[in-house]
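Walk through this model from its surface to its pocket, and then along its charged pairs. Keep the sequence and the coordinates side by side.

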Amino acid sequence: MKRIQTLSRREREIMDVVFAAGSATAGEIRDRIPAPPSYSAVRATLRILVQKGLLRHEDDGRRYVYRPTVARSRARQNAIDHLLNTFFDGSAADAVLTLLERPGGEMSDEELERMAHLIDRARREGR
């Protein structure tokens, strides 16, 4: 599986909009991101995302409609891998402990039960 390249903050914002909408034009993307840059900056970032292979575009009259080329789940997994390797030396356990220990990180009983179930399954599978 091809590794997705690390994205800048602006690239992530744009990908978030396209994932949420399913498809979007440069103008629609610009309207949906916080503190948007100029229209030409959005277009330039979209070109970069197309070059990286994360987006494709289709002609719709005089404008392009952008769609993701990767599943959101794959992009999410790649972001987690990058986070783990960058801040936790690849340790998922350290990342989970950090999340559990952070102030304001309260979890519902359902979330804690789900985590307990996943931990039990990981033990059974020898992970």
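**Surface, pocket and salt bridges**

Val96, Leu97, Leu100 and Leu112 make up a nonpolar patch on the surface, and their accessible area together is about 300 Å². The model is a predicted one. Helix 5, residues 92-101, gives the most to this patch, with three residues. Leu100 lies in helix 5. Leu100 counts as partly exposed because its relative accessibility is 39%, and partly exposed covers the range between under 20% for buried and over 50% for exposed.

Turn next to the largest pocket. It holds about 980 Å³ of space. Its lining comprises 26 residues, and those nearest its centre are Ala92, Ala93, Val96, Met115 and Leu118. Helix 4, helix 5 and helix 6 (109-124) are the elements that give two or more residues to this lining. Helix 6 gives the most, with eight residues.

Just after helix 4, Asp89 takes a positive phi of about 50°.

Now the charged pairs. The count comes to seven salt bridges. Which side chain does Arg10 meet in a salt bridge? The partner is Glu13, at 2.7 Å from N to O. Both residues lie in helix 1 (residues 9-21), three residues apart, which is about one turn of the helix. Both Arg10 and Glu13 are buried. They also belong to a network of salt bridges that links Arg9, Arg10 and Glu13.

Glu11 pairs with Lys52 in another salt bridge, with the closest N and O atoms 3.0 Å apart. This pair links distant parts of the chain, 41 residues apart. Glu11 is in helix 1, while Lys52 is in the loop between helix 3 (39-51) and strand 1 (55-60). Glu11 and Lys52 are both buried.

The side chains of Asp120 and Arg123 meet at 3.6 Å, N to O. Both lie in helix 6, three residues apart, about one turn of the helix. Are these residues buried or exposed? Asp120 has a relative accessible area of 38%, so it is partly exposed. Arg123 has 61%, so it is exposed.

How values were computed:
Residues are numbered from 1 along each chain as its sequence is written. This is a predicted model: local features need pLDDT of at least 70, side-chain atom pairs count only at pLDDT 80 or more; totals for chains, interfaces and linings use all residues. Side-chain values use heavy atoms; hydrogens and water are left out. Patches are made of residues with over 30% relative accessible area and no salt bridge: like charges are joined within 9 Å, nonpolar side chains (Val, Leu, Ile, Met, Phe, Trp, Tyr) within 5 Å. Accessible areas come from the Shrake-Rupley method with a 1.4 Å probe; for residues, only the protein chains shown count as cover. A salt bridge is a side-chain nitrogen of Lys or Arg within 4 Å of a carboxyl oxygen of Asp or Glu. Helices (H or I, at least four residues) and strands (E, at least two) are DSSP runs, numbered from the N terminus. Buried means under 20% relative accessible area, exposed over 50%, partly exposed in between (1.4 Å probe, protein chains only). On a 1 Å grid over the protein atoms alone, a cavity is a set of points where a 1.4 Å probe fits but cannot get out, and a pocket is an open set with protein on both sides within 12 Å along at least five of seven lines; lining residues have an atom within 4 Å of a point. Grid points are joined across faces, edges and corners, and a volume is the space filled by probe spheres set on the points.
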